[in-house]
Amino acid sequence: MSETPSSGSTAEPLVRVRNLQKYFWEDDSLFDRLFGTEPTAVKAVDGISFDIDRGETLGLVGESGCGKSTTGETILRLQEPTGGRVEFETRNVYDLDGADMQAFRREAQVVFQDPFSSLDPRMTVGDIVTQPLEIHDVGTETEQIERARELLDRVGLSADQLDRYPHEFSGGQRQRIGIARALALEPEFLVLDEPTSALDVSVQAQVLNLLDDLQDEFDLTYLLISHDLSVINHICDRVAVMYLGELVEIGPVEEIFEDPKHPYTNALLGSVPRASTDERERERHTISGDVPSPRNPPSGCSFRTRCPVVIQPPTIDLPQGAYREIVEYRTLLETGRLDPDLRWEQLDDPDRTDTAAFVDQLLEELFTHEFPGEDDRVITESIQTLADGGVDDAIEILRGRYESPCEVVNPELTETAHPSACLRDEQPTAVTDAVEAWETDAASSGPTAHETRAVEESSTSK
């Protein structure tokens, strides 16, 4: 990914993230050690870059499992990075140690998602709030207790509740305690990891308003992690949209909500329930399929397997819905979710003689569009090859005709005030290069499995 500009401020950003990576490596198995196989990497965060200016709130939004929380934890160095750089006040966080690291801990704090598990049930509220002060040796015991009283009062709790335990509070009250603890050391930067997702809707609004007030009062900078777009819209200045470990769009909250550039952002916004009956007939760009595994992300654009507007190869001109069905069929084959053996069992044909029934079953199940002659022939041939157990050959038949530029190029965030990572609208040069590479590869690699089989059949018929 390319470096991403901040909101346009000329001042130095408080936090600068560049090409941040966090991979989780699966433990070596006996098989891996015997055969020298490299362990699989789960790419939770895969090369993201952004800035956070002083005093602003940057929202990080995306589906569950996209790497949002891991990003926040790695920025704070609660997790060690696999690669990349995070600067806080121009200093690389990953180079800090000793007293410098302690100083960073005082300036950057976190509010966790679950207020029930983030507070020690064996500690009183007073102990919880004063613990950061004790660890960093700030003030006397009397001053620490007075600081805790002030903070509890500021977050909407009573100073008389210092001696109570977390189980005596509601979820919203516990989250207020967590916020008070995060503010104890007077930090500049807070990572808010889904701070309201475990709370009732009415309590969510109260906590969000509290965070908004505290930001103005204490001049705080926030990274707000959430999957709830209404929360993002309520409190954020800018929004970064994350998908499968990568950033796909970032920009001012008003622009993101009014004019999303990336198909994934558009689909996310389209999924938000609307109260107005006037919007019942609004156009919706829905997302099909499942989120790919971060163990084996797609080549090229990570969103291409679910994108409703994926770019067709230069030799194909199909309705987008029809091409989308072919993409989904290929994805089923490539992910192993279309098992020919299981299909034969469903047909109750142990000898596997009725190939026509096999083909008809899949055509009816997977495709609703009519395809022109050549496309119909290629799709049918792929399914016939699948019936014979040739999954890889069936994939190659499809790839030879339907490989998209989106499979070849991994789009980067554009260098604009509202960056997005989509080949369709923002990077025509990248698309052109991909098409040229696609045509060159096709010419140099010889005939595809589909073309070879067609020549053989033609020779046989003569």
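Modeller: By definition, two strands pair when DSSP finds at least two bridges between them. The model discussed here is predicted.

Biologist: Which residue of β4 is the bridge partner of V15?

Modeller: Strand β1 covers residues 15-25 and strand β4 covers residues 83-88. Five bridges join these two strands, which run antiparallel. In β4, the residue that partners V15 is F88.

Biologist: In what order do the four strands of the open sheet stand?

Modeller: The pairing in this open sheet is antiparallel. Its order is β2-β1-β4-β5. Strands that pair on one side only lie at the edges, and these are β2 (41-52) and β5 (91-92). Read across, the order asked for is therefore β2-β1-β4-β5.

Biologist: How many residues of strand β9 are buried?

Modeller: A residue counts as buried when its relative accessible area is under 20%. From β9, the residues R238, A240 and M242 point one way, whereas V239, V241 and Y243 point the other way, and all are buried. For the strand at residues 238-243, the count is six of six.

Biologist: Which strand runs antiparallel to β9 and is joined to it by six bridges?

Modeller: Strand β3 (residues 57-61) is joined to β9 by four bridges, but these two run parallel. In the hairpin, two residues lie between β9 and its partner, and L244 takes a positive phi near 50 degrees. The antiparallel strand, at residues 246-252, is β10.

Biologist: Is R330 buried or exposed?

Modeller: R330 forms a salt bridge with E334, with the closest N and O atoms 2.9 Å apart. Both residues lie in helix α11, four residues apart, about one turn of the helix. E334 is partly exposed, with a relative accessible area of 32%. Because R330 has a relative accessibility of 5%, its class is buried.

Biologist: How many residues apart are R399 and E334?

Modeller: The side chains of R399 and E334 meet in a salt bridge of 3.4 Å, N to O. This pair links distant parts of the chain, with R399 in helix α15 (residues 391-402) and E334 in helix α11.

Biologist: In which helix does E255 have its place?

Modeller: E255 gathers with D237, E254, E258 and D259 in a patch of negative charge on the surface. Its relative accessibility is 37%, so E255 counts as partly exposed. The helix that holds E255, at residues 253-258, is α9.

Technical notes: Residues numbered from 1 in each chain as written. Predicted model: local features only at pLDDT ≥ 70, side-chain atom pairs only at ≥ 80, totals over all residues. Heavy atoms only, no water. Patch = residues over 30% accessible without salt bridge, like charges linked within 9 Å, V, L, I, M, F, W, Y side chains within 5 Å. Areas by Shrake-Rupley, 256 points an atom, 1.4 Å probe, with all protein chains shown as cover. Salt bridge = Lys/Arg side-chain N within 4 Å of Asp/Glu carboxyl O. Lys, Arg positive; Asp, Glu negative; His and termini not counted. Charge placed at Lys NZ, Arg CZ, Asp CG, Glu CD. Buried < 20%, exposed > 50% of the residue type's maximum accessible area, 1.4 Å probe, protein only.
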